[in-house]
Amino acid sequence: MPLSLLRWSIALFILCLLAPTAFASEERRRSMPPPSRKKPAARKVDPPRQLVRISGGEHLRRDAATAFEQMYSEARGAGLWLWVISGHRSWKEQKYLYRLYRKGLGARAARPGRSNHQRGTAVDISVGSTHTRTYEWLAANACRFGFRRTVKSEPWHWEYRPRTTLVPSPGQDCLGRLLEPPVPPEGVATPSPS
Ligand SMILES: [Zn+2]
């Protein structure tokens, strides 16, 4: 057998050996479902390391808890209680609430891993409606403490986002309304027109 023919035979032999595997993997690729266009699976939210108890018994991440307590005591000064229904939630709690929601048995709840309650930076405050004194106070003041509403359909849900929450200009509240000048204490003479 000439040498070149021998080489060709060997090459052909190797090709025959490899071909079925190559075709098989091609076949496998084809039978696999096309890449999903859905968002990738939610990443588990790591539980915040430092949870702190806030007024009312719920817990928040330390920085959010400090800001909340300041807001809470200022609201108390205005004669209001900020009653927190839900603060930090564990993965298990979020999963439970999400299941209730999916069954139509509970309020709207985010898929586990997608809720800032799991980060300990969200609070659900009992506000009643958007026409109560509590809600109106929050709308006018919460931004000064780094809290703001993030879900349009949930007036009770407030999140601590100090970096992206705008602080009002001096003399204005969170809604851009002018604040009334402070009333001078009794005994202090107010300038009268002469
Ligand atoms: Zn909430």
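Reply: Cys143 and Cys174 form a disulfide, with their sulfur atoms 2.0 Å apart. This is a predicted model, in which local features need pLDDT of at least 70 and side-chain atom pairs count only at pLDDT 80 or more, while totals for chains, interfaces and linings use all residues. Residues are numbered from 1 along each chain as its sequence is written, and side-chain values use heavy atoms, leaving out hydrogens and water.

Me: What makes Cys143 and Cys174 a disulfide?

Reply: The rule asks for a pair of cysteine sulfur atoms within 2.5 Å. The sulfur atoms of Cys143 and Cys174 are 2.0 Å apart, so the pair qualifies. By this rule the count comes to one disulfide. The pair links distant parts of the chain, 31 residues apart: Cys143 lies in the loop between α4 and β5, and Cys174 in the segment after β6. (Helices, H or I runs of at least four residues, and strands, E runs of at least two, are taken from DSSP and numbered from the N terminus.) The link is left-handed, with -90 degrees about the S-S bond.

Me: Why do Cys143 and Cys174 get their accessibility labels?

Reply: Buried means under 20% relative accessible area, exposed means over 50%, and partly exposed is in between, using a 1.4 Å probe and protein chains only. Cys143 has 10%, so it is buried. Cys174 has 23%, so it counts as partly exposed. Across the protein chain, buried residues make up 29% of the 194 residues.

Me: How do you know how far α4 is enclosed by the rest of the structure?

Reply: Seven of the nine residues of α4 (residues 133-141) are buried, so the helix is largely enclosed by the rest of the structure. The buried ones are Thr134, Tyr135, Trp137, Leu138, Ala139, Ala140 and Asn141. What covers them includes α2 (62-77), β4 (122-125), β5 (147-149) and β6 (157-160).

Me: Which residues does Leu138 touch, leaving aside its neighbours within four places in sequence?

Reply: Contact means heavy atoms within 4.5 Å. Leu138 is in contact with Met71, Leu82, Ile125, Val127 and Trp158.

Me: What makes a group of residues a nonpolar core?

Reply: Its members are buried Ala, Val, Leu, Ile, Met, Phe, Trp, Tyr and Cys residues joined through side-chain atoms within 4.5 Å. Here the largest such core has 24 residues, and those with the most contacts inside it are Phe68, Met71, Leu82, Ile125, Leu138, Phe147 and Trp158. The elements giving two or more residues to this core are α2, β4, α4 and β6. The largest share, seven residues, comes from α2.

Me: Why are β4 and β6 called a pair?

Reply: Two strands pair if DSSP finds at least two bridges between them. β4 and β6 have three bridges, in the antiparallel sense, so they meet the rule. Ala122 stands opposite Glu159 in β6, and the bridge partner of Asp124 in β6 is His157. β5 and β6 qualify too, since three bridges join these antiparallel strands; there, Arg148 stands opposite Glu159.

Me: What covers the two faces question for β6?

Reply: In a regular strand the side chains alternate between the two faces of the sheet. In β6, His157 and Glu159 on one side and Trp158 and Tyr160 on the other are all buried, and both faces are covered. In β4, both faces are covered as well, with Ala122 and Asp124 on one side and Val123 and Ile125 on the other, all buried.

Me: How do you know which residues coordinate the zinc ion?

Reply: Donors are N, O and S atoms within 2.8 Å of the metal (3.2 Å for Na, K and Ca); water is not among the atoms, so sites may look incomplete. His117 (NE2), Asp124 (OD) and His157 (ND1) lie at 2.0 to 2.1 Å, so they count as donors. Their spacing in sequence is H-x6-D-x32-H. His117 and Asp124 are both buried.

Me: Where does pLDDT stay under 50?

Reply: pLDDT is the predictor's confidence in each residue, from 0 to 100. It stays under 50 over residues 14-18 and over residues 20-31. For residues 20-31 the model has zero contacts beyond four places in sequence. Where pLDDT is low, the predicted coordinates should not be read in detail. The protein chain has a mean pLDDT of 83, and 72% of its residues reach 70 or more.
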